[in-house]
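Me: I'd like to learn how to read cores and holes in a model. Can we walk through one together?

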Amino acid sequence: MIGSTTRQASLFYFAFAKEVSAIKDVTLDELDALLQDPELLVLTSEKLGGRHLRSKDFGRPGIAPDRLLRCVVLKHLKNWSLRQLEYELRHSLLYRRFTRFVEDPIPSFSRTFALFGPEGTRQIHERVTQKAKELKVAPGRKLRVDTTAVETNIHYPTDSSLLADSLRVMTRCLKRIAGGCAGHSVQVVDHARAVKYRVLEICRAAKSFTATSRARFKESYGKLLTLSRQVRRQAGRVLEDLSAQNLKAEAGNLLTVLVAEAQLRHYLPLVDQVIAQTQARIFEGETRCEGKILSLFEEHSAIIRKGKPDKPNEFGRLVRLDEVENGIVSGYCIGVGNPADQQQWVPALEHHRESFGRVPRLAAADRGFWSSANEKAALDMGVKRVVLPATGRLSAKRAEHQKQSWFRQGQGWRAGCEPRISTLKHQFGMKRAWYKGDAGFQRYVGWCIIAQDLVAMARSGRKAQSKCRSG
């Protein structure tokens with residue numbers, strides 16, 4: 001059942017009520033007013049009520065919608081982990097007042113935040129953008145577009161480390177199945193020590209390019225691949241025996257065996273891909289492999305090259321950000337793979353037209369988005385001033401066009417997207433997504449943007465209230 005913040009006050013709380021009301025925080029007080037939106041609470045209530053068939057009106061009381069919404073915003077506003085969020089809520093009267101946990105116990109948020117999902121997070125963001133439009137903070141007359149790489153929570157993907165992860169995961173699942181089946185019908189050998197030695201041999205041999213080191217390099221990889229194929233074949237046989245009911249789980253361990261079997265069926269195709277891409281790169285010299293896997297646990301990760309000298313390769317997802325006036329990110333899109341920036345221009349304009357009911361008067365992006373087709377598409381849609389710097393050697397006509405004052409001013413305004421990306425990554429934690437899976441990645445990016453938009457709205461309202469000395 002969906003909980004509520006309305007309850008009878010405790011007699012012992014009156015001693016703290018005066019102290020709590022005296023605590024002030026400008027940003028949190030402004031966010032408190034923005035989050036008192038009925039539509040945001042309705043969206044949160046729908047997600048809480050969609051867990052089970054009668055979650056809305058049956059069962060023990062759960063967390064209240066306004067509390068859940070404020071806790072998610074506070075977590076991403078402060079760039080905290082779930083453990084740190086719970087710790088701060090227990091120790092701060094200010095944060096208890098903001099999240100409405102004034103005198104109630106703090107629950108665990110490990111699974112509750114996942115109720116929003118990617119679609120629910122996007123609906124919350126659309127409502128926040130609509131709220132900014134109603135407050136006249138984001139008129140939508142100007143638009144600047146840029147892309148950035150957001151890392152997934154994975155280690156640096158080398159073939160040896162991926163093979164070691166594959167062996168570790170398969171061995172763990174096989175041990176759980178062996179422990180849950182009657183008798184000693186499955187014999188599992190743990191190759192962890194041998195895998196550690198092979199990985200160390202590969203790291204030492206990779207530091208030298210002599211013929212002896214290269215031969216030792218391939219020999220160690222061959223041993224590691226042999227171990228991987230051996231455990232892979234055993235895992236395949238165990239799954240066949242479970243399907244044929246040649247292996248039977250004990251009554252008390254049935255759930256453990258079923259979970260381990262499901263995990264094996266999920267990971268084995270990924271293990272096959274890791275073995276295939278390692279064989280192709282090390283022994284056949286093929287560096288490009290179809291469907292390359294960078295992580296067994298975040299298989300949606302992609303290799304992104306943004307031309308950074310200090311980080312030529314980034315492992316994560318490409319995120320497009322659409323920003324309007326006053327620093328409001330009105331739209332975002334998480335790409336599949338590593339799409340070119342030129343493909344992101346027209347979808348950004350179309351999303352802006354859907355959100356604001358019209359195209360922007362000025363649309364700007366960097367030269368990575370430029371193409372004659374993109375410029376013509378924007379003009380055909382009704383954008384009066386298209387600021388897309390051309391690449392390569394400019395003709396005299398094109399150079400004269402880009403020297404116009406409005407074009408140069410548009411380029412200067414477009415540069416403001418770079419500090420916005422830096423703020424999202426360093427202040428709101430969007431540098432690396434810590435939630436698991438593709439759905440978790442989309443939720444994490446979405447909530448970072450929602451928290452940033454709320455702070456931008458609060459700051460914009462504060463500026464509107466303050467008047468300059470000249471009046």
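Me: Which element gives the most to the lining of the largest cavity?

Reply: First, some ground rules: this is a predicted model, where local features need pLDDT of at least 70, side-chain atom pairs count only at pLDDT 80 or more, and totals for chains, interfaces and linings use all residues. Residues are numbered from 1 along each chain as its sequence is written, and side-chain values use heavy atoms, with hydrogens and water left out. Now the idea: rolling a probe the size of a water molecule over the atoms shows where empty space is left. On a 1 Å grid over the protein atoms alone, a cavity is a set of points where a 1.4 Å probe fits but cannot get out, and lining residues have an atom within 4 Å of a point. Here α7 gives the most, with three residues. Helices are DSSP runs (H or I, at least four residues), numbered from the N terminus.

Me: How much space lies in the largest cavity, and which residues line it?

Reply: A volume is the space filled by probe spheres set on the grid points, which are joined across faces, edges and corners. The largest cavity holds about 40 Å³, and its lining is Leu34, Asp37, Leu40, Arg127, Val128, Lys131, Leu454 and Met457. By class, that makes five nonpolar, no polar and three charged residues, with Asp, Glu, Lys and Arg counted as charged and Ala, Val, Leu, Ile, Met, Phe, Trp, Tyr, Cys and Pro as nonpolar.

Me: Which residues touch the most other members in the largest nonpolar core?

Reply: A nonpolar core is a set of buried Ala, Val, Leu, Ile, Met, Phe, Trp, Tyr and Cys residues joined through side-chain atoms within 4.5 Å. Buried means under 20% relative accessible area, with a 1.4 Å probe and protein chains only. In this model the largest core has 75 residues, and Phe109, Trp345 and Val445 touch the most other members. Helix α17 (residues 437–465) gives the most to this core, with 13 residues. There's also a second, separate core of 39 residues, including Leu247 and Ile282.

Me: Why does Cys448 count as buried, and what does it touch?

Reply: Cys448 counts as buried because its relative accessibility is 0%. You'll find Cys448 in helix α17. Contact means heavy atoms within 4.5 Å. Leaving out residues up to four places away in sequence, Cys448 touches His76, Leu424, Phe428, Gly429 and Met430. The C-alpha atoms of Cys448 and Lys425 are separated by 8.7 Å, though these residues are 23 residues apart along the chain.

Methods. Buried < 20%, exposed > 50% of the residue type's maximum accessible area, 1.4 Å probe, protein only. Helix = DSSP H or I, 4+ residues; strand = E, 2+ residues; numbered from the N terminus. 1 Å grid on protein atoms, 1.4 Å probe; cavity = no way out; pocket = protein on both sides within 12 Å on 5 of 7 lines; lining within 4 Å.
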